[in-house]
Amino acid sequence: MSSPPSKILNALGSFLDPRSYVHVLRLVHFYGYSHVRERRKLTCGEGTSIAPNVSFRNGERIILGRGCHLGERCFLWAGDSSGKIILGDHVALAPGVFITASNYKLEDGKPIHDQPKVERDIRIGNDVWLGTGVVVTAGVTIGDGCIVGAGAVVTKDLPAGSIAGGVPAKVIGTRETHP
């Protein structure tokens, strides 16, 4: 056990250690990250919980309903100019879900980074569960009550109450009941 004088010396040493002040700068820089800065621009329903490391792009075009849950390392990237992401009420995103309302076109003779973008809205209904690692591409509508299995890539609309999985995602069943 440390004696009182050594505790005082340790406390004084941490005040004099420049690493303590560098850490403060790291905390200030944290608020410039996309998962922090963009949150202020979101429309977010009551009771929605968002993991601290969710990444948002163009938050002004992202609408989250009531009672949603966004798990760790999710990405919601709305389009740069028009593509919106709209989540209904009680949507659950497992860790690692990636939703993007923007895709590149493929024009011959242009590098990928110079390709024009296609932006289309994404709509996810009420009471939807997207499993770990699901990818949802621009222009997709996922109906109320859907469940999408882990690792699926949703490239086309899914009807209400469906259970989907695979790459690309296909309906593999239906929910018995959904609100």
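This is a predicted model: local features need pLDDT of at least 70, side-chain atom pairs count only at pLDDT 80 or more; totals for chains, interfaces and linings use all residues.
Three bridges join strand E4, residues 62-64, to strand E7, residues 85-87, and the two strands run parallel. Within this pairing, Leu64 stands opposite Leu87 in E7.

Five strands form an open sheet with parallel pairing, and their order is E1-E4-E7-E12-E15. At the edges are strand E1 (43-44) and strand E15 (141-142), each of which pairs on one side only.

Let me place that sheet in the chain as a whole. The secondary structure comes to three helices and 19 strands. The chain has 179 residues, and buried residues make up 36% of them. If we take contacts between residues at least 6 apart in sequence, 21% of these join residues at least 24 apart.

I turn now to the charged side chains. How many salt bridges does a search of the whole structure find? The search finds six, and I shall describe some of them.

One of them is formed by the side chains of Asp80 and Lys117, at 3.1 Å from N to O. Asp80 lies in the loop between strand E6 (75-77) and E7, whereas Lys117 lies in strand E11, so the pair ties together parts that are 37 residues apart in sequence. Are these two residues buried, partly exposed or exposed? Asp80 has a relative accessibility of 48% and therefore counts as partly exposed. Lys117, at 39%, also counts as partly exposed.

Another salt bridge joins Asp127 to Arg175, with the closest N and O atoms 3.0 Å apart. Asp127 sits in the loop between strand E12 (122-124) and strand E13 (129-130), and Arg175 sits in the segment after strand E19 (170-174), so this pair ties together parts that are 48 residues apart in sequence. Asp127 is partly exposed, because its relative accessible area is 26%. Arg175 is partly exposed as well, with a value of 24%.

The side chains of Asp121 and Arg123 also meet in a salt bridge, at 3.7 Å from N to O. Asp121 is partly exposed at 28% relative accessibility, and Arg123 is partly exposed at 41%.

Against these pairs, I would like to set Glu119, which is placed in strand E11, residues 117-119. Which side chain of opposite charge is nearest to Glu119? It is Arg61, at a distance of 5.2 Å.

Leaving aside residues up to four places away in sequence, Glu119 touches Gly79, Asp80, Ser81, Ser82, Gly83, Ala101 and Ser102.

My last topic is the cysteines. A disulfide is a covalent bond between the sulfur atoms of two cysteines. How many disulfides does the structure hold? The structure holds zero. Cys74 counts as buried because its relative accessibility is 0%, and Cys146 counts as buried at 0% too.

Methods. Residues are numbered from 1 along each chain as its sequence is written. Side-chain values use heavy atoms; hydrogens and water are left out. Helices (H or I, at least four residues) and strands (E, at least two) are DSSP runs, numbered from the N terminus. Buried means under 20% relative accessible area, exposed over 50%, partly exposed in between (1.4 Å probe, protein chains only). Lys and Arg count as positive and Asp and Glu as negative; His and the chain ends are not counted. A salt bridge is a side-chain nitrogen of Lys or Arg within 4 Å of a carboxyl oxygen of Asp or Glu. Contact means heavy atoms within 4.5 Å. A disulfide is a pair of cysteine sulfur atoms within 2.5 Å. Two strands pair if DSSP finds at least two bridges between them.
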